[in-house]
Amino acid sequence: MNRTQSNSQDINASVVLELQRVTQHPNFESSLGIRDLDLILKSGELLTIQVEPSTRTRSFASMIQGITEPDQGKVFFLRQEWSGVDYHRQFANRGLIGRVFEGQAWIENLNLDENVTLACRHHGRSKQDIQESTQSWLNHLGLEKLTTRRPAFVAPATLQLHQWIRAFMACPKLVLLERPLDFLDSSWIKKLLDAIQLVMQSGAGVLWLDSRRDLESLGSGFSHRHLRANAGILSTPSILEGI
Amino acid sequence: MQVSRAKPNGFRLIFWVQPTQILDSLGGAVVRRCQAIISILSLLWASFTLAVSPRSWTEPVRGVMARQLLFTGVDGTWSAIRFGAAVGILLIVQAALWVDAIGITTDLIAPMLWRAIVRELAPLLACLVVIGRSGIAISTELATMRVDGELDVLDAQGIDPMTSLIMPRITSMVFSVFCLALISSTSMIMTGYVCGRAVGVIRVSFLSFLDQLIGQVHSLDLLFFLPKTIVAGAFAAAICCIDGLSVKATITDVPRVSSRAGIRALSAVFIISAILSILIYGRILIFEVF
């Protein structure tokens, strides 16, 4: 990435996500731990975080979304601290975050179509808008239509692609990608990068957590920073190394 | 030495440790009960405030409400009719015994039927149907969703699980209990008449019987019927939801939690029914309390 180009973008871009001196002890042995982490993610920026294959990222992503509180430090989304806003605002803000989950990602008693459009319908987007947005992402991924079967009866690869659509169609300000290429072959990498490019152009910041060895090189075409968790712990020094 | 040391220990055990432990466990039980009641009331208040707010009723929430009403209210109709019919027969058989024993007439059977059905049995029966059909199912569903991390999935998409899962379920259970109580009371009266006519306890036409029943309608009936259906239904629903959400992160807890929720909800319904009767009648059995 061109440093000068990056600096000029930094000045114009708004801060989407900010972590101030955040420490979070892992819930489980395999969860990603955070130690004194300072982090800023701006709109139109991609931040990739390399974790070990055995490290679970779910609790870290949930903390970024304000679902769980960190043990220490503060998490800001769109310059608002999660703990400083009322519940209604918290849920409205989470509606501005698209997420590809690691592990369980679906409401099992709804079919995939209902699951994918659930958040948009709940947040009051019109049917036509949802349909257009869904169709646009289906076309982008080369899929015909959303599956109307329940998640338990759908192949993991199809589920993962539906997760992409759900995350990207929400007009997000922040996209959290937890191992988005799991269950998919390498032919899908380009489509994912194109999708990331599209949401970044519309002003979203993207945080991609993965254990792929080629993660750093995948993001090289964007305004991109790369961090690496050491021994399951992510901390500020590793950011400096990344920069 | 050991024996001489044992005596004061035993003495202390009887006169100090045991009373303290008993008080401790009693106090703990009272505190836990109070906490449970407070959490139920909090959940009901939160559900009420969400239910009266128009912005809570988004399209998916309306969908959950409709599905729950269909499952709890509409699908439970036949159960309510069946149980109502069975209880109607039991009531009329009892009435027949009294007719034989002391020679009472239909004039006295009609008010007895009306009061027993509308004030006591129909609300209780509707609660039993709703807990059996839906309460335990709701508890199991919520527990499974919590264990599987589905609540986090909702939360992460900016969908409040309280608004989208709990409030519509509690609202639909309350509404279903009220409607099923009406249905089961109608079933009891109809079956009671048919059965009573067949065994010769009731000798008047259906219209006369209905006229006698309508003559028994009292403002107190509404005072019984509304709280007994709404309050008992709301408590049962809240208990099922709280128990379902209280599950720890293992799937093996789910059956235990579900059966506990069913028992606790049933207990609550009987206790609330008794308390409301005491409050409304102002007496326990023959003893005036107010």
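Start by selecting L118(A): this residue is buried, with 22 other C-beta atoms within 10 Å. Buried means that 20 or more other C-beta atoms lie within 10 Å of the residue's own, exposed means 12 or fewer, and partly exposed is in between, with C-beta atoms placed from the backbone. L118(A) sits in helix α4 of chain A. Helices (H or I, at least four residues) and strands (E, at least two) are DSSP runs, numbered from the N terminus.

A note before moving on. This is a predicted model, in which local features need pLDDT of at least 70 and side-chain atom pairs count only at pLDDT 80 or more, while totals for chains, interfaces and linings use all residues. Residues are numbered from 1 along each chain as its sequence is written, and chains are lettered from A and ligands numbered from 1 in the order in which they are written.

**Stop 1: around L118(A)**

Which residues is L118(A) in contact with, leaving aside its neighbours within four places in sequence? Select L110(A), P60(B), Q157(B) and I159(B) to see them. Two residues are in contact if their C-beta atoms, placed from the backbone, lie within 7 Å.

**Stop 2: where the chains meet**

Show both chains. Here 21 residues of chain A are in contact with 15 residues of chain B. On the side of chain A that touches chain B, α3 (87-94) and α4 (112-122) each supply at least two residues. The largest share, 4 residues, comes from α4(A). Colour this side of chain A by class and you will find 9 nonpolar, 8 polar and 4 charged residues. In this count Ala, Val, Leu, Ile, Met, Phe, Trp, Tyr, Cys and Pro are nonpolar, Asp, Glu, Lys and Arg are charged, and the others, Gly among them, are polar. For the complex, the predictor gives an ipTM of 0.87 and a pTM of 0.84.

**Stop 3: chain B and its helix α2**

Select chain B, which has 9 helices and 2 strands. Along the sequence they follow the pattern α-α-α-α-α-α-α-α-α-β-β. Of the 290 residues of chain B, 40% count as buried. Among its contacts between residues at least 6 apart in sequence, 88% join residues at least 24 apart. Chain B averages a pLDDT of 85, and 88% of the residues score at least 70; pLDDT is the predictor's confidence in each residue, from 0 to 100.

Next, pick helix α2 of chain B, residues 59-74. At 1.5 Å a residue, its 16 residues should span 22 Å, and the end C-alpha atoms are 21 Å apart, which agrees. The expected span is 1.5 Å times one less than the number of residues.

Which residues of α2(B) are buried? They are P60(B), V61(B), V64(B), Q68(B), T72(B) and G73(B). These residues cover an arc of only 165 degrees around the axis, which puts them on the same side of α2(B). The arc is that of the directions from the helix axis to the C-beta atoms.

**Stop 4: a sheet in chain A**

Return to chain A and show its open sheet of 5 strands, in the order β5-β4-β1-β2-β10, with mixed pairing. The edge strands are β5 and β10 (233-235), each of which pairs on one side only. Two strands pair if DSSP finds at least two bridges between them.

Strands β1 (residues 15-24) and β4 (residues 72-77) of chain A pair in the antiparallel sense over 5 bridges. Select L19(A) and you will find V75(A), in β4(A), opposite. On to β5 (residues 80-81) of chain A: this strand pairs with β4(A) in the antiparallel sense over 2 bridges. The bridge partner of F76(A) is E81(A), and that of F77(A) is Q80(A).

**Stop 5: positive phi**

Most residues other than glycine have a negative phi. In the hairpin of β4(A) and β5(A), which has 2 residues between the strands, L78(A) takes a positive phi near 50 degrees. R79(A), in the loop between β4 and β5 of chain A, has a positive phi of about 65 degrees although it is not a glycine. R79(A) is exposed, with 10 other C-beta atoms within 10 Å.

Finish at C171(A), in the loop between α6 (156-169) and β7 (174-178) of chain A. Its phi is positive, near 50 degrees. C171(A) is partly exposed, with 17 other C-beta atoms within 10 Å.
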